[in-house]
Amino acid sequence: MSKYTVLHDRLHRWYLEHGRHDLPWRRTEDPYRIYLSEIMLQQTQVATVLERFYFPFLERFPTLKDVAEASEEAVLKAWEGLGYYSRARHLHVTAKRTGGRLPRSAEELEKLPGIGRSTARAIACFAYGEALPILDANVKRVLYRFFRRRKATQQELWAMAERLFDSRRPYDYNQAMMDLGAMCCTPKRPDCAACPLRSSCRGRQTPERYPEPKKRKKLPLRRRQILLCRRGDSVALVQRKEALLGGMWGFPQREEMLPGRRLGTMVYRYTHFELEATILESELPSELQGRVRFFTSDELLHIPLSMLDRKIVTRFLMS
Ligand code: SF4
């Protein structure tokens, strides 16, 4: 019997009563649906995924085999607006590499692109019942507080996750820990009085001290000219190559000032920098000749564009 058996039973009762059992990825054993939810939820809130992205993506690609058979551009288009597009590119590569059939163990899943240790374990646990703990942001916060740690390495966090793990009910335990972090052990004002772990939680007197808050770094500012180069009723776009937006289409950007008609400015916040963009109607610079494709307004609706480029279309081309 584990020293946490009583606690596990309390957590389990709490989960049965308060857990988010209606989430669609909890009402299926289809590994693809579970995998898709895990990937979408890596950087995006549950409500956003649920309301805007999960079901439309599944409608477009009902199986992983459908993803494998689609072009990268079609997958990126279905991902448009979710951001962090490497997730969609990795999903596409994984679909192709596995022929639409995911491996069953966390060890094998972790070898696939875009599937880290926690995601591999989540898929293996929720789809195939493998008894392993997971470590998403909510679970980490609970562990930091439960063990009263302000800082911990990844290795130490995994060790804490193993210590508290309920191997008798791995599926329910992992879901319960995620729900506890999302609903009870929240970043601000956690509800310790209602928490099933409170009797053994070392951090419950001052929970908000754990973990140590991250210092918010000031993002570097980048200034760019964003070029609207028209030809008849079409506009020139380039296909991006950089890690952040690779595969997406977008307006050409330039650091240096170019001649043209200034249409307006926009500020856009990425994860690692802030972009101050001047939107410029201009001639196509000679070095871009042959490196762009022209799209009509109708065609722009059917290609994957980043959020910033989509906003530029709405504000400067459709108005
Ligand atoms: S007792 Fe409070 S700090 Fe500890 S796990 Fe529960 S909600 Fe979090």
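Visitor: Which residue in strand 7 is the bridge partner of G264?

Guide: Strands are DSSP runs of E with at least two residues, helices are runs of H or I with at least four, and both are numbered from the N terminus. Two strands pair if DSSP finds at least two bridges between them. Here G264 has I279 of strand 7 as its bridge partner. Strand 6 and strand 7 run antiparallel and are joined by eight bridges.

Guide: Before going on, note that this is a predicted model, in which local features need pLDDT of at least 70 and side-chain atom pairs pLDDT 80 or more, while totals for chains, interfaces and linings use all residues. Residues are numbered from 1 along each chain as its sequence is written, and side-chain values use heavy atoms, without hydrogens and water.

Visitor: What is the order of the strands in the open sheet of four strands?

Guide: The order is 5-1-7-6, and the pairing is mixed. Strand 5 and strand 6 (261–269) are the edge strands, since each pairs on one side only. Strand 1 pairs with strand 7 (residues 274–281) in the parallel sense over eight bridges, and R222 stands opposite L275 of strand 7. On the other pairing, strand 1 and strand 5 run antiparallel with two bridges; there, I226 has Q253 as its partner in strand 5.

Visitor: How many aromatic pairs does the structure hold?

Guide: Rings of Phe, Tyr and Trp (its six-membered ring) pair if their centres lie within 6.5 Å; planes under 30 degrees apart count as stacked, over 60 as edge-to-face and the rest as tilted. The structure holds 11 such pairs. One of them is F57 with W79, edge-to-face at 5.7 Å centre to centre and 90° between the planes. F57 belongs to helix 3 (residues 46–60) and W79 to helix 5 (residues 72–79), so this pair ties together parts 22 residues apart in sequence.

Visitor: How many cavities of 30 Å³ or more does a search of the whole structure find?

Guide: On a 1 Å grid over the protein atoms alone, a cavity is a set of points where a 1.4 Å probe fits but cannot get out; a pocket is an open set with protein on both sides within 12 Å along at least five of seven lines, and lining residues have an atom within 4 Å of a point. Points are joined across faces, edges and corners, and a volume is the space filled by probe spheres set on them. The search finds two cavities.

Visitor: What takes the space of the largest cavity?

Guide: A molecule sits in a cavity or pocket if more than half of its atoms lie within 2 Å of its grid points. The ligand takes this space. Residues with a heavy atom within 4 Å count as near it; among them are R145, R198, R204 and P207.

Visitor: Which residues line the second largest cavity?

Guide: The lining is H8, L11, H12, D166, R169, D172, Y173 and A176, around about 40 Å³ of space.
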